[in-house]
Amino acid sequence: MITETVGTAPLARTDSLAPVFLTVEEAARCLRIGRTTCYALIRAGELESLTIGGLRRVPADAPAAYLARRRAEQRAA
């Protein structure tokens, strides 16, 4: 593991660059839907999101969780 120092506090840096959060646009691209539709899913509570410092972010695993729920709903119908 490589460490960097910012100010006086060392920060751990791993070689894994997997994102923790996605922008709404990135989440929309993952789901192959438009940005407006993605915001509508967020407003409806169907797609998890967080506000961080005034920015809307979607957890990286939320698009897959949304898709899994939709698949389960369709199988049950």
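Predicted model: local features only at pLDDT ≥ 70, side-chain atom pairs only at ≥ 80, totals over all residues.

Visitor: Okay, at what angle do helix 1 and helix 2 pack?

Guide: Helix 1 covers residues 24-31 and helix 2 covers residues 35-43; they pack at about 100 degrees, and their axes are 9 Å apart. Angles of 65 to 115 degrees count as roughly perpendicular, so that's how helix 1 lies relative to helix 2.

Visitor: Which residues make the contact?

Guide: From helix 1 you've got Val24, Glu25, Ala27 and Ala28, and helix 2 brings Arg35, Cys38, Tyr39 and Ile42. Sorted by class, that contact has six nonpolar residues, two charged and no polar.

Visitor: Switching to the sheet: what's the strand order?

Guide: It's an open sheet of three strands, ordered 3-5-4, with antiparallel pairing. Strand 3 (21-23) and strand 4 (50-52) are the edge strands, each pairing on one side only. From one strand to the next, the twist averages 50 degrees.

Visitor: How many bridges between strand 3 and strand 5?

Guide: Three bridges, with strand 5 running over residues 55-59. One to look at is leucine 22, whose bridge partner in strand 5 is valine 58.

Visitor: And which strands does helix 1 touch?

Guide: Helix 1 packs on the sheet and touches strand 3 and strand 5. The direction of helix 1 makes about 90 degrees with that of strand 3.

Notes. Residues numbered from 1 in each chain as written. Heavy atoms only, no water. Axes fitted to C-alpha atoms, helices over the stretch in contact; angles between N-to-C directions. Helix = DSSP H or I, 4+ residues; strand = E, 2+ residues; numbered from the N terminus. Parallel < 35°, antiparallel > 145°, perpendicular 65-115°, else oblique. Contact = heavy atoms within 4.5 Å. Nonpolar A, V, L, I, M, F, W, Y, C, P; charged D, E, K, R; others polar. Pairing = 2+ DSSP bridges.
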